[in-house]
Number of protein chains: 2
Amino acid sequence: MSLEVVLANGSVIHTGRKTLKSVTGYDLTRLFVGSEGTLGVFTRITVKLLPLPEKIETLLVFFATTQDAVQSASQIIFNNLLPRAMEFIDKSSITCIQGYRQEMQIPAEVNALLLIDIDGKEASVKAEASLIEEIVRKNHAIRVASAKNGQERDVLWEVRRAISPALYNIAPYKINEDICVPRSRILEILDRIANIHNRYPSLKVACFGHIGDGNIHVNVMYDKGDQQKTFAERMIEEILRNTVEVGGTISGEHGIGNVKSAFLSYEIPPMELEIMKDIKRLLDPKGILNPGKMFSC
Amino acid sequence: MSLEVVLANGSVIHTGRKTLKSVTGYDLTRLFVGSEGTLGVFTRITVKLLPLPEKIETLLVFFATTQDAVQSASQIIFNNLLPRAMEFIDKSSITCIQGYRQEMQIPAEVNALLLIDIDGKEASVKAEASLIEEIVRKNHAIRVASAKNGQERDVLWEVRRAISPALYNIAPYKINEDICVPRSRILEILDRIANIHNRYPSLKVACFGHIGDGNIHVNVMYDKGDQQKTFAERMIEEILRNTVEVGGTISGEHGIGNVKSAFLSYEIPPMELEIMKDIKRLLDPKGILNPGKMFSC
């Protein structure tokens, strides 16, 4: 909602308001948010809070195919059901988890999972949960596990939480991408990633993430050998190009930083990039704020 | 979500994405939105849609005092009930409506109204409506009228819709303000406005608006005489100063344009204003886009 920002020249400004709405002047808050420290240093941030929901229910749904899982996710959204969280977990991620946590029993025929959190008033959560169950059953769900209290929910969410540490069991190095595509293009981008992966069979790839937003974490795992690293980097480059081709963005959450600055021009056209750099030069003429991050001025 | 913008130099840029999330580069979309045509001309706008709710129920609540109405609105929000709309209507507005639409019978002892729309799934709407009714009854509501279908809802909303045309029945000229305050300061700003009004008894003032957002439309009505116009302008100036004093903003929705450009500095400090003007000069060095609007460069 509002920021206190120290500018490159040392002066302190305040952006935004404590009101729910305001349309006075340019929206400096949104210009600074996501600027990755390249326009100023934030020393105070005021955020908007949402009330805690009365009730949360979690469903973990097992599918035989990726297509069934993605189709289910689309139909859930298409039916105006807007889960608090909807996480997709692919076969590689499942395999990783099982190597890492023996106690997590997931049948061999399962090739994709959806982890779904529904929140709201007690009555509506119950109604939405049964509609979602109906949709996933129609899409050939093998099994639906449901959790209604915090402890049971933790057990189901542990599957999702285990993925990141488990990945290091299959290879010591990871490049973690954060692409986001229009929700109608999720299956297409997953297919394209699988096709790209076919050309780099020595690498391991695990995809999981916030499918309800079209935001997929693509993890390319590689071994120390120099060649694998080169392959991993080439693969990432191809995945990012394909993401932009289907109307997506190279970063849904993580930002650009150093790692993705070379790829920013895949997505942002030259003129738009020039405006961003002009704003950077305007607010930081000497280039002292997070130099080299996002783009070099 | 995204914009096509023609810049001052004639070039066309595209901002934003069709994805639900993206954090690549600076948020140019939000910089342009609300810039009132001073940074570029929008030729294409992509907006995000929300699904239509399954059910909408409307309540029109009659109160003997403004305090009861404002207190009810606060408690509704405090209890995590987030109505689709919550409109406050003051005594002057009620008087106007009754002069304009004889058929709208509102008892003389009613000094404030709340018009509340609740939306969502059928089951949760029903539960929320009865919780809201409980809250307003505790706050001495005189009467609660409820509407469950579109036709009945239209009848209740006609009260709100009648206000703007009805205002011209009490005086031929109107200055319509659009202040927004933190929700905890609504009663205070209404009190301050009443006190200011006491010093300009020849003017008529009607306050109504989106109380759930803290956004109040203050309408100062005046006659042709030059003195009334001067009084009205002075009153507006005092109201805007008081709004900023209680942590509010001089415009919640309408923007600055020509009419409020003289007051922008009440709210935006000099350094922040300078950054905005620098951005304006950067994107429109010759000042050809909506010249004089918001601020003169």
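**Questions on the terms used for chains A and B**

Chain A has nine helices and 11 strands, where helices (H or I, at least four residues) and strands (E, at least two) are DSSP runs numbered from the N terminus. This is a predicted model, in which local features need pLDDT of at least 70 and side-chain atom pairs count only at pLDDT 80 or more, while totals for chains, interfaces and linings use all residues. Residues are numbered from 1 along each chain as its sequence is written, chains are lettered from A and ligands numbered from 1 in the order in which they are written, and side-chain values use heavy atoms, with hydrogens and water left out.

Reader: Why is A:V136 called buried?

Author: Buried means under 20% relative accessible area, exposed over 50%, and partly exposed in between (1.4 Å probe, protein chains only). A:V136, which is found in helix α4 (residues 122–138) of chain A, has 1% relative accessibility and therefore counts as buried. Of the 297 residues of chain A, 50% count as buried.

Reader: With which residues is A:V136 in contact, leaving aside its neighbours within four places in sequence?

Author: Contact means heavy atoms within 4.5 Å. On that basis A:V136 is in contact with A:V61, A:F63, A:S72, A:I76, A:A141 and A:V144. The C-alpha atoms of A:V136 and A:Q71 are separated by 8.7 Å, although these residues lie 65 residues apart along the chain.

Reader: What makes strand β5 (residues 85–90) of chain A largely enclosed?

Author: Six of its six residues are buried, so β5(A) is largely enclosed by the rest of the structure. Both faces are covered: A:A85, A:E87 and A:I89 lie on one side, and A:M86, A:F88 and A:D90 on the other.

Reader: With which strand is β5(A) joined by six bridges, and with which by three?

Author: Two strands pair if DSSP finds at least two bridges between them. Six bridges join β5(A) to strand β6 (residues 112–120) of chain A, in the antiparallel sense, and A:I89 stands opposite A:L113 there. Three bridges join β5(A) to strand β10 (residues 204–210) of chain A, also running antiparallel, with A:E87 opposite A:H210.

Reader: How do you know that the span of helix α5 (residues 150–167) of chain A agrees with expectation?

Author: The expected span is 1.5 Å times one less than the number of residues. For the 18 residues of α5(A) this gives 26 Å, and the end C-alpha atoms are 26 Å apart, which agrees.

Reader: Where is the kink in α5(A) centred?

Author: The bend at a residue is the angle between axes fitted to the seven residues ending there and the seven starting there. In α5(A) there is a kink of about 35°, centred on A:W157. The buried residues of this helix include A:W157, A:R160 and A:I163.

Reader: Why does A:I163 count as buried?

Author: A:I163 counts as buried because its relative accessibility is 0%. Beyond its neighbours within four places in sequence, A:I163 is in contact with A:I89, A:S93, A:I97 and A:F208.

Reader: Which strands of the open sheet in chain B are edge strands?

Author: Three strands form this sheet in the order β2-β1-β3, with antiparallel pairing. The edge strands are β2 (12–16) and β3 (41–46) of chain B, since each pairs on one side only. Strand β1 (residues 2–6) of chain B pairs with β2(B) over five bridges, and B:V6 stands opposite B:V12.
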